[in-house]
Amino acid sequence: MTAAILGALQLLAFLAASPLLLGIVGRVKARVGGREGPPLLQPYFDLARLARKGTVYSTTTTWVFRAGPVVGLAAVLAAGLLAPMGAPAATLAFAGDFALLAALLALARFATVLAALDTGSSFEGMGAAREVTFSALAEPALFLGFLSLVRSTGGLDLTHLLGDGLAETWHTDGPALLLVALSIFVVALAENARLPVDDPATHLELTMIHEVMVLDHGGPDLALIQYAGALKLWLFGALVVQLALGARLADPAADFAAFLGGQAFFAVAIGLVESTMARLRLVRVPQLLVGASVLSAFALVLLLR
Amino acid sequence: MTGWIDLLFILVLVLDLFALASSRLRAGIRAVAAQGVLLALLPVALAGGATETRHVATLALGALVVKGVGIPWLLARATRESTVSRETAPLVGFLPTLVLGAFGVAAAIWFTADLPLPVPGKHPLLVPTALGTVWSGLLLIVTRRKAVGQVLGFVVLENGVFVLGLLLSDIMPALVEVGVLLDLLAAVFVMGLVMFDIQRAFASLDTEKLASLKD
């Protein structure tokens with residue numbers, strides 16, 4: 001019974017609380033910079049403001065441009081069903097669902113990239129090229145990390161990989177899991193267009209990656225894209241936090257509370273990384289992502305030993 | 001407990017890879033210093049109850065002073081004085097060396113399972129760490145253009161030799177302690193570096209000329 005309630009609660013938190021993570025990141029960055037910062041609920045206000053606006057579509061765009069934000073949001077929502085996010089089990093679990101999770105995230109990216117290319121703007125094409133390049137380098141790190149988890153926990157579904165199987169594995173293969181967690185955290189920074197890779201607050205088209213792709217979207221479309229971005233951050237946070245928490249507490253409700261606390265901590269960690277690190281030069285980004293892959297591969301080698 | 005020792009070895013290897021990937025000499029020096037401190041912890045962590053405490057303490061203290069503090073400090077001084085702050089164009093790029101280093105480490109872990117060791121019963125990650133670190137150091141020496149980067153590579157290689165030396169620390173403790181002194185060679189390298197820079201700037205090694213820099 002409690003498992004069913006918690007299962008509903010984890011989806012509710014996924015849908016409702018994910019913009020809050022962005023609020024926490026913004027607040028931490030402002031505080032470290034010595035400013036008061038926007039209110040924690042600012043991302044919600046932004047979404048509400050954008051949703052009230054009208055939309056303008058360029059005449060050169062086709063249905064592909066309009067489908068982009070919708071497909072992107074739908075894919076991320078579907079991916080959210082596959083990951084365990086605090087509750088004892090994910091909403092859907094089957095052998096090999098981690099591959100579908102990665103595929104759905106890739107689909108979301110594909111839709112955004114197509115919409116960006118559809119505008120015919122050279123800036124957006126440039127951003128799309130960068131986004132695709134970097135995510136192609138981030139994916140091996142993610143998959144090698146999943147592979148390490150499969151190897152160490154012996155399961156094939158995310159509920160086992162990031163839940164039941166971990167408690168014992170942290171005792172036997174702790175260092176390897178630590179490497180995987182670190183690698184997935186770097187992937188999370190890259191995939192969510194956070195600072196060492198991409199600056200979400202930049203206003204210079206030449207240096208943007210993700211932001212430049214959505215320049216032509218406005219109003220409700222932009223709200224959908226930003227909401228999907230928040231959901232994706234929550235999703236990646238869930239991967240990292242579930243992996244880091246490891247052992248299950250005796251009480252599932254306490255487990256869920258620990259997960260929410262972990263998500264808040266994840267947001268604070270991102271805020272601190274963004275406050276202390278400068279953005280990497282574009283030519284150096286592949287090095288960071290290959291470094292993350294190397295960490296995952298290293299963990300895998302340690303587990304295969 | 002074994003988990004923590006594992007972590008020590010893995011951190012040493014991760015620092016190798018970090019040194020291979022970092023283009024800033026300052027960051028590389030910091031990584032080598034951290035590696036030195038970790039190496040100083042290793043003899044203590046590996047010592048069972050039976051081994052002699054005095055030798056373990058000497059080894060740990062020697063490593064901490066020479067590898068953790070002394071050489072990094074000398075290197076940092078050398079970079080400060082020679083105005084070289086980053087490796088600009090290595091002979092082989094940062095990414096290829098990183099991948100090569102990772103392959104080397106993976107191969108080291110792979111092969112040592114079948115390696116006959118003179119001293120059985122040692123930690124399974126000890127030899128892979130040693131070989132991987134030596135390999136990373138070798139890569140650094142071969143690929144870097146700047147003299148400081150090469151000295152960094154030599155220090156990393158030396159760290160690998162030190163880890164391998166721990167294998168024998170029970171049988172020949174004195175020999176391993178002398179091995180730590182091999183680091184003095186690196187110190188000489190660093191001094192040579194500084195001298196080279198002085199020579200280039202003033203076309204002479206006469207330090208009297210440095211006095212003329214006043215005002």
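Trainee: Which residues in helix 4 of chain A meet helix 5 of chain A?

Mentor: This is a predicted model, in which local features need pLDDT of at least 70 (pLDDT being the predictor's confidence in each residue, from 0 to 100), side-chain atom pairs count only at pLDDT 80 or more, and totals for chains, interfaces and linings use all residues. Residues are numbered from 1 along each chain as its sequence is written, while chains are lettered from A and ligands numbered from 1 in the order in which they are written. Helices (H or I, at least four residues) and strands (E, at least two) are DSSP runs numbered from the N terminus, and two residues are in contact if their C-beta atoms, placed from the backbone, lie within 7 Å. Helix 5 of chain A brings residues including Glu124(A), Gly125(A) and Phe146(A), and the residues in helix 4 of chain A that meet helix 5 are Phe98(A), Ala102(A), Arg109(A), Val113(A), Ala116(A) and Leu117(A).

Trainee: Is helix 4 of chain A roughly parallel or roughly antiparallel to helix 5 of chain A?

Mentor: The axes of helix 4 (residues 97-118) and helix 5 (residues 122-153) of chain A come within 10 Å and cross at roughly 175 degrees. Axes are lines fitted to C-alpha atoms, for helices over the stretch in contact, and angles run from 0 to 180 degrees between N-to-C directions. Angles under 35 degrees count as roughly parallel, over 145 as roughly antiparallel, 65 to 115 as roughly perpendicular and the rest as oblique. Therefore helix 4 of chain A, relative to helix 5 of chain A, is roughly antiparallel.

Trainee: How many nonpolar residues has the contact of helix 1 of chain A with helix 9 of chain A?

Mentor: Helix 1 (residues 2-32) and helix 9 (residues 220-245) of chain A have axes 8 Å apart and pack at an angle of about 90 degrees, so these two helices are roughly perpendicular to each other. Phe14(A) and Leu22(A) are among the residues of helix 1 of chain A in this contact, and Leu231(A) and Trp234(A) are among those of helix 9 of chain A. Ala, Val, Leu, Ile, Met, Phe, Trp, Tyr, Cys and Pro count as nonpolar, Asp, Glu, Lys and Arg as charged, and the others, Gly among them, as polar. The contact has no charged residues and 2 polar ones, and its nonpolar residues number 8.

Trainee: Which element of chain B gives the most to the side of chain B that touches chain A?

Mentor: Contact is made between 15 residues of chain B and 12 residues of chain A. Two or more residues of that side of chain B come from helix 1 (2-21) and from helix 4 (94-111). With 8 residues, the element that gives the most is helix 4 of chain B.

Trainee: Which element of chain B has the highest mean pLDDT?

Mentor: The secondary structure of chain B comes to 9 helices and 0 strands, and chain B averages a pLDDT of 77. Helix 9 (residues 208-211) of chain B has the lowest mean, 64, whereas the highest, 88, belongs to helix 5 (residues 126-143) of chain B.
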